[in-house]
Structure formats: structure tokens, C-alpha cells
Amino acid sequence: GFCPKTYRRMTEIASDVFKTSHVVALSGPSHAEEVVKGMPTAVTAASFESARARLVQTVWSGPRFRVYTTDDVVGVEMGGAVKNVLALAVGAADGLGLGDNTRAALITRGLSEITRFACAYGARPETMAGLAGTGDLIVTCTSRHSRNHAVGERLGRGEKVTAILKSMQMVAEGVGNAQVVHEMAAKIGVEMPIAECVWKVCYDGYPVMEAISDLMDRPMKEEDWKRCL
């Protein structure tokens with residue numbers, strides 16, 4: 001996630017708290033419920049110091065847990081934070097019973113939004129095509145273990161976000177991240193229509209079906225992934 005006041009990423013905060021630059025971000029499609037059962041899992045370790053990322057790779061890798069490395073810390077952390085917002089959107093569509101086509105469209109166009117946003121803050125686009133981007137987005141938007149998807153489903157069925165959060169014992173990071181991403185995107189002028197709709201549903205009480213209609217009624221355009229670079 002991000003600090004809601006400063007927009008700083010977790011590694012930036014950890015570096016200050018522990019007075020060290022030796023911080024590694026570990027992220028990717030890795031629901032703990034499956035990791036502890038020994039189900040094959042792959043993630044990415046990110047550090048500006050390649051030796052630190054390789055150390056984490058060596059220590060954490062095993063027969064059922066595979067770690068890749070990158071120096072794109074920004075991209076790995078951005079992917080891990082923003083995908084929670086998109087999972088709310090997919091969950092809401094599923095709660096409405098809108099089907100596989102809608103889910104695939106939201107995941108794909110959501111990836112475009114994450115890539116634009118992350119690259120505007122210094123990430124590399126290829127990171128968004130990897131485990132910390134596409135991989136984490138897919139699993140969070142489709143898994144029965146996903147808290148954010150579950151919250152989205154309840155939103156789609158008409159429940160209010162305050163009541164949903166009050167009933168939960170665990171944290172759905174996407175709700176808080178929706179507010180921060182809304183502010184961060186506005187600050188640098190990055191267009192994120194799906195994330196913006198999530199923010200409106202969570203913080204303005206906007207009806208989910210109207211949000212879906214707004215997305216479908218947007219001006220026609222070319223699908224140009226160069227806009228993400």
C-alpha cells in the first residue's frame with residue numbers, strides 16, 4: 001500500500017524506520033493459504049541493490065516457492081498496491097453476476113491503468129507484465145482467498161462499504177488504496193477510469209451498475225499500449 005498522508009511506499013517507510021537502505025520488497029501472486037500448503041508459488045524480490053534481492057532469492061526459494069529478482073522496486077510495490085483497487089471492481093462485477101467477459105475486460109483494462117500509473121511514478125512497463133503486475137492482479141481478481149474481491153462482491157450486491165468493513169476482522173487494502181490512488185493519479189494527471197469508479201463507489205456512494213455504465217459509455221478509442229509507456 002501507500003502512506004495515506006505522504007503517498008510513500010512501504011520500502012521507503014521501512015528504510016526510514018530501520019535506518020537502512022537494505023530493504024527488499026517481496027511481492028507476487030502468493031495467497032498465504034496456498035503457500036502454507038506447499039502449492040507451487042512464484043514471486044518477485046525487488047531491491048535497488050541486486051545483491052540484496054539475490055540474497056532473498058537464495059534464502060526464500062525452495063521446491064514449491066520460486067523467487068525471481070528485479071531492481072524495479074517502484075514497479076513491484078505499485079503493482080502490489082493498485083491491484084487491490086482493481087480487485088474491488090472485478091468483485092463488484094461478479095457480485096452483479098456480469099460474467100466472464102466483464103471480468104476479463106476489467107482485468108485487462110485494469111492492467112493498462114496500473115501500468116500507466118506505475119510508469120508515471122518511475123516503474124518500468126515490463127514489470128507490470130510480470131509476477132508483481134499481471135500475476136498478482138489475476139490472482140487477486142479471481143481467487144476465493146481474495147479479501148478485496150470479496151468486498152467488491154458485497155458492494156455489487158448492494159451493501160455499503162462502511163458496513164462491509166465493520167463486519168470484517170481482516171483488512172481489505174483496496175478500499176484505503178482507492179482513496180490514495182485517486183489523489184496520486186489526480187496529482188500527476190494519469191487517467192484511471194476503473195480505479196476512479198471504485199473510488200466513487202466507495203467514497204461517494206455511487207451505484208455500482210451506474211459505474212459500469214459509465215465505463216462502457218466512455219468515448220471510443222484505439223487500444224494502444226504505447227500510451228502506457
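The model is predicted, so local features need pLDDT of at least 70 and side-chain atom pairs count only at pLDDT 80 or more, while totals for chains, interfaces and linings use all residues. Residues are numbered from 1 along each chain as its sequence is written, and side-chain values use heavy atoms, with hydrogens and water left out.

Helices (H or I, at least four residues) and strands (E, at least two) are DSSP runs numbered from the N terminus. A pocket is an open set of points on a 1 Å grid over the protein atoms alone, with protein on both sides within 12 Å along at least five of seven lines; a cavity is a set of points where a 1.4 Å probe fits but cannot get out; lining residues have an atom within 4 Å of a point. Grid points are joined across faces, edges and corners, and a volume is the space filled by probe spheres set on the points.

**Largest pocket**

- The largest pocket holds about 690 Å³ of space.
- Its lining has 34 residues, and those closest to the centre are S27, G28, K83, D136 and E173.
- Two or more lining residues come from each of α1 (10–18), β1 (25–27), α2 (32–35), α4 (73–95), α7 (131–142), α8 (147–156) and α10 (173–188).
- Helix α4 gives the most to this lining, with 6 residues.
- By class (Ala, Val, Leu, Ile, Met, Phe, Trp, Tyr, Cys and Pro are nonpolar; Asp, Glu, Lys and Arg are charged; the others, Gly among them, are polar), the lining of the largest pocket has 15 nonpolar, 13 polar and 6 charged residues.

- K83 belongs to helix α4.
- K83 counts as buried because its relative accessible area is 11% (buried is under 20%, exposed over 50%, partly exposed in between, with a 1.4 Å probe and protein chains only).
- Apart from neighbours within four places in sequence, K83 is in contact (heavy atoms within 4.5 Å) with I114, D136, L137 and T140.
- K83 and A132 are 49 residues apart in sequence, and their C-alpha atoms are 9.4 Å apart in space.
- A132, D136, L137 and T140 are among the buried residues of α7.
- The buried residues of α7 pack against β1, β2, α4, α5, α6 (125–128) and α8.

**Second largest pocket**

- The volume of the second largest pocket is about 530 Å³.
- It is lined by 20 residues, with R109, I194, L215, M216 and R218 closest to its centre.
- The elements that give two or more residues to this lining are α5 (100–120), α11 (193–203) and α12 (208–216).
- The largest share, 6 residues, comes from α5.
- The lining of the second largest pocket divides into 10 nonpolar, 1 polar and 9 charged residues.

**Cavity**

- There is 1 cavity of 30 Å³ or more.
- The largest cavity has a volume of about 140 Å³.
- Of its 14 lining residues, A89, A92, V198, V201 and V208 lie nearest the centre.
- Helices α4, α11 and α12 each supply at least two residues of the cavity lining, and α11 gives the largest share, 5 residues.
- The cavity lining has 14 nonpolar, no polar and no charged residues.

**Nonpolar core**

- In soluble globular proteins, nonpolar side chains tend to be buried together.
- A nonpolar core is a set of buried Ala, Val, Leu, Ile, Met, Phe, Trp, Tyr and Cys residues joined through side-chain atoms within 4.5 Å.
- The largest core has 46 residues, of which F2, V82, F117, L155, V181 and M192 touch the most other members.
- At least two residues of this core come from each of α4, α5, α7, α8, α9 (161–166), α10, α11 and α12.
- Helix α4 gives the most to this core, with 12 residues.
- Leaving aside neighbours within four places in sequence, V181 is in contact with F2, V82, V85, F117, M192 and A195.

**Strands**

- Strand β2 (residues 41–46) is mostly covered, with 5 of its 6 residues buried.
- Two strands pair if DSSP finds at least two bridges between them.
- Strands β1 and β2 pair in the antiparallel sense over 3 bridges, and L26 has A45 in β2 as its bridge partner.
- Strands β2 and β3 (residues 65–70) pair in the parallel sense over 6 bridges, and A42 stands opposite R66 in β3.
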